[in-house]
Amino acid sequence: MDPGPDDDPHLTRVAEAALGDGRGWVAAVVVTHRHADHAEGAARFAEDVRAPVRSALRELGSPHTTPLHDGETIDADGLLVEVIATPGHTSDSVSLHLRRERVVLTGDTVLGTGSTVLMERDGGDLGDYLMSLDRLAAVSHDTETSVVGLPGHGPVIEDLGARVAVYRAHRVERLEAVRAALLDLGLPAATDDTVVRAVVERVYPDVDVSLLPAATQSVRVQLAHLARS
């Protein structure tokens with residue numbers, strides 16, 4: 001999953017890890033979403049290991065493969081991988097559920113540390129994201145033992161259900177803060193720069209300048225969600 005960027009030393013290391021002493025093999029290369037740090041090297045890596053690329057986006061998949069679809073099960077030499085559509089970070093984001101192993105590979109939908117940025121330019125959407133968190137919560141609670149999350153960035157998530165609950169509460173809290181800011185400022189729920197800037201200043205008054213782009217993107221997505229509500 002997610003071979004990463006198109007970088008020679010990196011892809012060589014990934015291939016060596018996948019193939020081991022020469023007896024290993026790769027059944028399929030699956031990408032969770034379109035971003036370069038996950039998918040840019042997929043085509044080259046797939047060629048090196050002689051495996052097809054699967055993606056929710058047709059243009060990222062190998063020729064003659066079908067796009068990943070929600071509910072599909074990939075049988076990789078007996079390893080069953082269930083595809084869960086989890087849009088929100090991007091429109092094409094998927095998570096991969098290894099039900100027997102009680103593991104979910106979450107891509108960028110849930111991270112090992114920090115919170116996920118919803119990329120509006122790539123179809124990121126707060127409503128979609130909240131529904132995706134609900135789906136991951138349902139998967140996590142459909143077992144007597146904790147489901148482990150393997151994120152695209154950061155350490156292993158030992159209890160995915162607990163992390164998802166924190167993620168969702170944080171999103172709802174921020175959304176209510178944006179809603180309150182609009183009321184206080186007498187502004188409509190709109191995504192023009194003037195409204196976005198005013199809400200960012202109200203909701204994130206002490207944000208570090210290095211985090212300002214992420215805060216601005218977050219507010220823009222929240223305003224788009226409220227405008228559609």
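**Pockets and cores**

1. The model is predicted. Its second largest pocket has a volume of about 300 Å³. Among the 16 residues that line this pocket, Ser115, Tyr204, Ala214, Ala215 and Ser218 are the closest to its centre. Two elements, α5 (160–185) and α7 (212–228), each give two or more residues to the lining.

2. Within the lining of the second largest pocket, α7 gives the most, with five residues. By class, this lining comprises nine nonpolar, five polar and two charged residues.

3. The largest pocket holds about 410 Å³ of space. It is lined by 19 residues, of which Met1, Ala28, Val30, Leu79 and Val81 are the closest to the centre. Two or more lining residues come from each of α1 (8–19), β1 (29–30), β3 (73–76), β4 (79–85) and β5 (94–98). The lining of the largest pocket divides into 18 nonpolar residues, one charged and no polar.

4. The largest nonpolar core has 32 residues, and those with the most contacts inside it are Val110, Leu160, Val164, Val199, Val219 and Leu223. The elements that give this core two or more residues are α4 (126–141), α5, α6 (193–203) and α7. In soluble globular proteins, nonpolar side chains tend to be buried together.

5. Which residues is Val164 in contact with, leaving aside its neighbours within four places in sequence? They are Val110, Leu133, Leu136 and Ala137.

6. Another core, of twelve residues, lies apart from the largest one; Val26, Val29, Ala46 and Val53 are among its members.

Methods. Residues numbered from 1 in each chain as written. Predicted model: local features only at pLDDT ≥ 70, side-chain atom pairs only at ≥ 80, totals over all residues. Heavy atoms only, no water. 1 Å grid on protein atoms, 1.4 Å probe; cavity = no way out; pocket = protein on both sides within 12 Å on 5 of 7 lines; lining within 4 Å. Points joined across faces, edges and corners; volume = space filled by probe spheres on them. Helix = DSSP H or I, 4+ residues; strand = E, 2+ residues; numbered from the N terminus. Nonpolar A, V, L, I, M, F, W, Y, C, P; charged D, E, K, R; others polar. Core = buried A, V, L, I, M, F, W, Y, C linked by side-chain atoms within 4.5 Å. Buried < 20%, exposed > 50% of the residue type's maximum accessible area, 1.4 Å probe, protein only. Contact = heavy atoms within 4.5 Å.
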